[in-house]
Amino acid sequence: CLATENWQTSLTALFRNQHFDPYQVVASVSTQAAILRKFPVPFIQAKQIEQVVAFEAEQYIQTIPIEEVVLDYHILKTEDSSTRVLVAALPRVIVQNAIAQIEACEIYPSGIDLDISGLLYMTQTVPLPENDGGVILLDVRNDTCNVLVLFAGRIEEARAVRINANPEAATDLRATTALAMPLFRQEGMRRTEFITLGAKAQ
């Protein structure tokens, strides 16, 4: 938790004792704090997508003004004349607060990412099962479960599911996979493989 003084003291000591470079850091923010949306943009060139994605996102993100968020996107699929993107919008104030608290530890992150990105990075180093359906990656926390759905190596869905209504769900693999199954029915996937971080299989 960034808000605790003990956390900041421990992190500062860790970097000093281990001689870590305080500038070679990417910080992580909870996906629960972000707004995730999927939608098409009418371009396929990267430069054109970059120019219009914020404008296009405004019609899908209506709970906060677009100028008050930090926005990033991931290309899901490119077709003949359009591109489907997954957009993450994080309130600017959350980013600013996170950076301020980390810099108070004399650590200067070069970037801010969402914690669900760790699941995506994991796929680059851990062999995934080969099947004729999809793969779902779960990162189970005390009160949330990050869900990343891959099909044929492509991201099909990314969500942060709140599970604090049932505290036992955080250690019950069956409960968390039950939360994710509607995503597979929605995508029509024939077969599933589950890779889980932080959960205890029953």
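Residues are numbered from 1 along each chain as its sequence is written, and side-chain values use heavy atoms, with hydrogens and water left out. In this predicted model, local features need pLDDT of at least 70 and side-chain atom pairs count only at pLDDT 80 or more, while totals for chains, interfaces and linings use all residues.

**Exercise 1.** Find which residue forms a salt bridge with Glu106, and state where the two partners lie.

Solution. 
- Step 1. A salt bridge is a side-chain nitrogen of Lys or Arg within 4 Å of a carboxyl oxygen of Asp or Glu. A search of the whole structure gives 4 salt bridges.
- Step 2. The partner of Glu106 is Arg16, with the closest N and O atoms 3.0 Å apart.
- Step 3. Helices (H or I, at least four residues) and strands (E, at least two) are DSSP runs, numbered from the N terminus. Arg16 is in helix α1 (residues 5-18), and Glu106 is in the loop between α3 (92-103) and β5 (111-114). The pair links distant parts of the chain, 90 residues apart.
- Step 4. Buried means under 20% relative accessible area, exposed over 50%, and partly exposed in between (1.4 Å probe, protein chains only). Glu106 has 43% relative accessibility, so Glu106 counts as partly exposed.

**Exercise 2.** Describe the network of salt bridges that contains Glu157.

Solution. 
- Step 1. Lys38 and Glu157 meet through their side chains at 3.3 Å, N to O. Because Lys38 lies in strand β2 (residues 35-41) and Glu157 in strand β8 (residues 154-162), this pair ties together parts that are 119 residues apart in sequence.
- Step 2. Glu157 also forms a salt bridge with Arg159, the closest N and O atoms being 3.5 Å apart.
- Step 3. Glu157 is buried at 7%, whereas Lys38 is partly exposed at 23% and Arg159 is partly exposed at 36%.

**Exercise 3.** Describe the largest pocket and its lining.

Solution. 
- Step 1. On a 1 Å grid over the protein atoms alone, a pocket is an open set of points where a 1.4 Å probe fits, with protein on both sides within 12 Å along at least five of seven lines; lining residues have an atom within 4 Å of a point.
- Step 2. The volume of the largest pocket is about 510 Å³, counted as the space filled by probe spheres set on the points, which are joined across faces, edges and corners.
- Step 3. There are 22 lining residues, and the closest to the centre are Asp72, Ala88, Asp113, Leu114 and Ser117.
- Step 4. Two or more lining residues come from each of β3 (69-78), β4 (83-91), β5, α4 (117-122) and β8.

**Exercise 4.** Find which residues touch the most other members of the largest nonpolar core.

Solution. 
- Step 1. A nonpolar core is a set of buried Ala, Val, Leu, Ile, Met, Phe, Trp, Tyr and Cys residues joined through side-chain atoms within 4.5 Å.
- Step 2. This core has 18 residues, and those with the most contacts to other members are Leu90, Leu114, Leu137, Leu148 and Ile155.
- Step 3. Elements giving two or more residues are β4, α3, α4, β6 (134-140), β7 (144-151) and β8. β4 gives the largest share, 3 residues.

Key:
Ala, Val, Leu, Ile, Met, Phe, Trp, Tyr, Cys and Pro count as nonpolar, Asp, Glu, Lys and Arg as charged, and the others, Gly among them, as polar.
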